[in-house]
Amino acid sequence: MPIQDVTNKAQAAMKKTLEHLQQEFSKVRTGRATATILDPVRVDYYGSPMPLNQVGSIAVPDARTIVVQPFEKAMLSPIEKAIREADLGLNPSNDGNVVRVPIPMLTEERRKDIVKTCKKHAEDSRIAVRNLRRDFIETLKKVEKDEHLSEDDRKRGEADMQKLTDRFIKDIDDVLAKKEKEVMEV
């Protein structure tokens, strides 16, 4: 197994870790309306739970409001009920045509809690990247032993792995800084 294969696998795994972090951050409520806030909502659609986006269209007309237009008028009440019961801290209202979900302003204390949660997610991602580095360096050592790779090539592979790790940790820090700024904006 050439060093480049090991490096490519490590890069793909680290990229997945970064994508997972970005996905987690997209679920974090920032006081600004985004359709992804409603992703965890499941609506009782004639006896079976369905994702909200499959029973209605979700629009964000302004920074403080989400509007859900049901595909069927009969789904207005179940959508409103599902959003209320999803424990998102949202209070939807139904005007007979659409469900409006006003996004409340976040308190300073709540913003700090959200940032703390984001920092924990980022640290978990950094740890995952470092663990991947360790695992792939072990793979390089095994390749050196089994396939008679030179020590210089292994060391070069370890240096590449460290550069890759540093790059992904910087990317994680950048994503965290961006999210932190977004949360702390009033």
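**Figure 1. Ile66 and Val101 are bridge partners in the predicted model.** Val101 belongs to strand S6. Strand S4, residues 65-70, and strand S6, residues 99-102, are joined by four bridges and run antiparallel. Helix H2, residues 76-85, packs on the sheet and touches S4, S5 and S6. The direction of H2 makes about 20 degrees with that of S6.

**Figure 2. Strands S3, S4, S6 and S5 form an open sheet.** The four strands are arranged in the order S3-S4-S6-S5, with antiparallel pairing. Strand S3 (56-62) and strand S5 (93-94) are the edge strands, and each of them pairs on one side only.

**Figure 3. Thr65 is a buried residue of the sheet strand S4.** Thr65 has its place in strand S4. Its relative accessibility is 17%, and the cut-off for buried is under 20%, so Thr65 counts as buried. Leaving aside residues up to four places away in sequence, Thr65 touches Ala33, Ala59, Val60, Val101 and Ile103. One of these contacts, Val101, is also the bridge partner of Ile66 in S6.

**Figure 4. Tyr45 and Tyr46 form an aromatic pair.** The structure holds one such pair. The ring centres of Tyr45 and Tyr46 are 4.8 Å apart and the ring planes stand at 70 degrees, so the pair is edge-to-face. Tyr45 has a relative accessibility of 25% and counts as partly exposed. Tyr46 has a relative accessible area of 59% and is exposed.

**Figure 5. Tyr46 sits in the loop between strands S1 and S2.** Strand S1 covers residues 42-45 and strand S2 covers residues 48-51. The phi of Tyr46 is near 50 degrees, which is a positive value in a residue other than glycine.

**Figure 6. Helix H1 has buried residues that pack against H3 and H4.** Helix H1 covers residues 3-26. The 24 residues of H1 should span 34 Å at 1.5 Å a residue, and the end C-alpha atoms are 35 Å apart, which agrees. In H1, Ile3, Val6, Thr7, Ala10, Met14, Thr17, Leu18, Leu21, Glu24 and Phe25 are buried. An α-helix has 3.6 residues a turn, so residues three or four places apart point the same way. The buried residues of H1 pack against H3 and helix H4 (151-184).

Figure 7. Helix H3 covers residues 108-147 and has 40 residues. From its first C-alpha to its last, H3 reaches 58 Å, close to the 58 Å expected at 1.5 Å a residue.

Figure 8. From the N terminus on, the elements run α-β-β-β-β-α-β-β-α-α. The C-alpha trace spans about 75 × 40 × 20 Å along its principal axes. The chain has a radius of gyration of 23 Å, whereas a compact globule of 186 residues would have one near 16 Å. Buried residues make up 35% of the 186 residues. Of the contacts with a separation of 6 or more, 65% are between residues 24 or more positions apart.

Conventions
Residues are numbered from 1 along each chain as its sequence is written. This is a predicted model: local features need pLDDT of at least 70, side-chain atom pairs count only at pLDDT 80 or more; totals for chains, interfaces and linings use all residues. Side-chain values use heavy atoms; hydrogens and water are left out. Rings of Phe, Tyr and Trp (its six-membered ring) pair if their centres lie within 6.5 Å; planes under 30 degrees apart count as stacked, over 60 as edge-to-face and the rest as tilted. Buried means under 20% relative accessible area, exposed over 50%, partly exposed in between (1.4 Å probe, protein chains only). Two strands pair if DSSP finds at least two bridges between them. Helices (H or I, at least four residues) and strands (E, at least two) are DSSP runs, numbered from the N terminus. Contact means heavy atoms within 4.5 Å. Axes are lines fitted to C-alpha atoms, for helices over the stretch in contact, and angles run from 0 to 180 degrees between N-to-C directions. The expected span of a helix is 1.5 Å times one less than its number of residues. The radius of gyration is taken over C-alpha atoms; the globule rule is 2.2 Å times the number of residues to the power 0.38.
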